[in-house]
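Here is a short note to read alongside the structure.

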Amino acid sequence: MEHHPELSVSPPTQLHRAQRTFSLGARFLGRDWTIGWLFTTPLVVILLLLIAYPIFVGILLSFQYKLVGSEAHWAGLANYRRLLVGEDHAIFWQSVRVTFIYTGVAVVSKLLLGLGMALVLNERFPGRNIFRAFFFLPWAAPTVVVALTWRWLYDGTIHGFFNLLLTELFHRNYPVQFLANPRYALWAVILVVIWQGTPFYIMMLLAGLQAIPAELYEAAAIDGANAWHRFRAVTMPGLRSTITVTVLLSTIWTANSINFIYILTGGGPVNATMTFPMLAYQIGIGGSRQLGLAAAVSIIFLPAFLPIIYYLSRMMVSTSQES
Amino acid sequence: MQARATSRISSPRWLSLGKGLILGSALIAFSVWTVIPFFWMIITAIKPNSEIYRETRLLPRHPTFQHFVELMTQTNFLTYLRNSVIVAIGTTIIAIVVGSLAAYALTRLTFRGRALLANATIVTYLMPPALLFIPLFQVAFQFHLTNKAVGLIPIYLIAAAPFSTWMAMAYFATIPKELEEAALVDGATRWQILWQVITPLALPAIAVIALFTFTQAWNEFLFALLLISSESQKTIPVGLAELIIGDVFQWGPLMAGALIASLIPTTIYLIAQRWIISGLLAGAVKQ
């Protein structure tokens, strides 16, 4: 029995012999460098050509005057100046404000709603699996389909679903312009984001809840903890890392999604829903086609996401190594 | 002891009534909230135009399939469908091959650059595409990827390849090393080990990666919108979104198309729900 650990520590002797004959290359580049590099080449090609290179192009573009289909000219910091303090500063700072409200309100609502429903689904009751499957559906449906359906729900004629309800139930005689009124538009869009995004939170948090050992709850109950105390002392600490990962992932996805806004409002009315990806789209592709200026919009926002990406990647790498 | 025992029997029963009410109302409220858009989509798809635009009734009086027929015969929906299938399947197959090869090397082999590449993979997986779409618009022109459906496949690999690599790494790490060490001793090559030892064991993980990659590619909108302009090359999301841009809002056929476009990913998710959730966790959090 005592020989077992030794066996697993030192590899079989034939391997040793093979290692000794390894070339000089192996010593510097690692034991399996040929096959290792061969297997990872396709991934490396994708990372370099389609990710690293576009990032480089994006940084370069942000320092250039570049219209779609014409020569680029060096612009120095002109694009950045124009956005931050120059002629486009009003719409740029509006997009900063809208992006913050949009992301913040959506993420917090999804977390609260998701946590609530995860706690509900964590209880035992008949039909639980059916509800769980059903609540998952919004997340599975294509975003474009969801956006188009909500656009029809919000339709500003009496034939749209919400206006139909308002007319029939409350006898309103003029329809509400959910998406065309600058006072409602942002909230209407946020509601759609919450509708589609909450299932992801439910699933992640439910799995997190189920990973908390039942003994902890039993111990707390024996100590006389009531439901609120158990939630504070057992559930929340147990969910902490799940919540962190879920919220950070969702913050990145929400802030950068363009589909809902593109289809529901296109950034309007009067820029009420102009988040930064929509602004970059509008400047670079939709309207004036100034790629340089549009690239600068994205580059300015990059520093906001780098700490999140860095922190999340550390967290995900370390948890995957533990398991 | 006696007192506590009785209170534990009696009070939960009283509590469970209150708790049951809270649970029940939360379930009902959330079900209504979840069902409204699906309900409206289906109702609109089967209502005749006269009832959609001239009447104010919630439920259809004369349900009809005319919008589905219209969608198939008077729009390019079948072309969009074909393109979506090609793009989604192409992306899935390439992502799985690229991801499994890289994940095997990154979890099992020793070579210089391994740690750097593993970190680059996870950072890229987290990198939001909105930060890249402006330069990618230009890069896609340089690489001649525009205006053809298959040109979307490399673009979708930007997200799909790091994702599948990351997911496969998480799964490969759970397969015991002893199995392949035995095979190595028997003189098997790394290639044989990957195909004959690891792949059969990793099939559930590969299925999850395939489901995710397929639905992501199936649902993708932004790059399809940016890079495709010919009708014959559009995928379903762009084709549908542009039914709206015309002069008349074609809500009937649009909702019929929305229903068809939702059926594939939602069916996949319903059938494979359990695996998908475990896959989500493997990719994001430790269980």
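**Notes on chains A and B**

1. Chain B has 13 helices and 0 strands. Helices (H or I, at least four residues) and strands (E, at least two) are DSSP runs, numbered from the N terminus. Read along the sequence, the pattern of chain B is α-α-α-α-α-α-α-α-α-α-α-α-α.

2. A word on the source. This is a predicted model, where local features need pLDDT of at least 70, side-chain atom pairs count only at pLDDT 80 or more, and totals for chains, interfaces and linings use all residues. Residues are numbered from 1 along each chain as its sequence is written, while chains are lettered from A and ligands numbered from 1 in the order in which they are written.

3. Chain B holds 287 residues, and 47% of them are buried. A residue is buried if 20 or more other C-beta atoms lie within 10 Å of its own, exposed if 12 or fewer, and partly exposed in between, with C-beta atoms placed from the backbone. Now take the contacts in chain B between residues at least 6 apart in sequence: 77% join residues at least 24 apart. Two residues are in contact if their C-beta atoms, placed from the backbone, lie within 7 Å.

4. Ala, Val, Leu, Ile, Met, Phe, Trp, Tyr, Cys and Pro count as nonpolar, Asp, Glu, Lys and Arg as charged, and the others, Gly among them, as polar.

5. Look at B:Gln66, in helix H3 (residues 66-74) of chain B. B:Gln66 is partly exposed, because 15 other C-beta atoms lie within 10 Å. Its C-alpha atom is 9.2 Å from that of B:Asn49, 17 residues away along the chain.

6. Finally, the contact between chains. Chain A gives 90 residues and chain B gives 83 residues. On the side of chain A that touches chain B, helix H4 (residues 33-61) of chain A provides the largest share, 19 residues. That side of chain A divides into 65 nonpolar, 20 polar and 5 charged residues.
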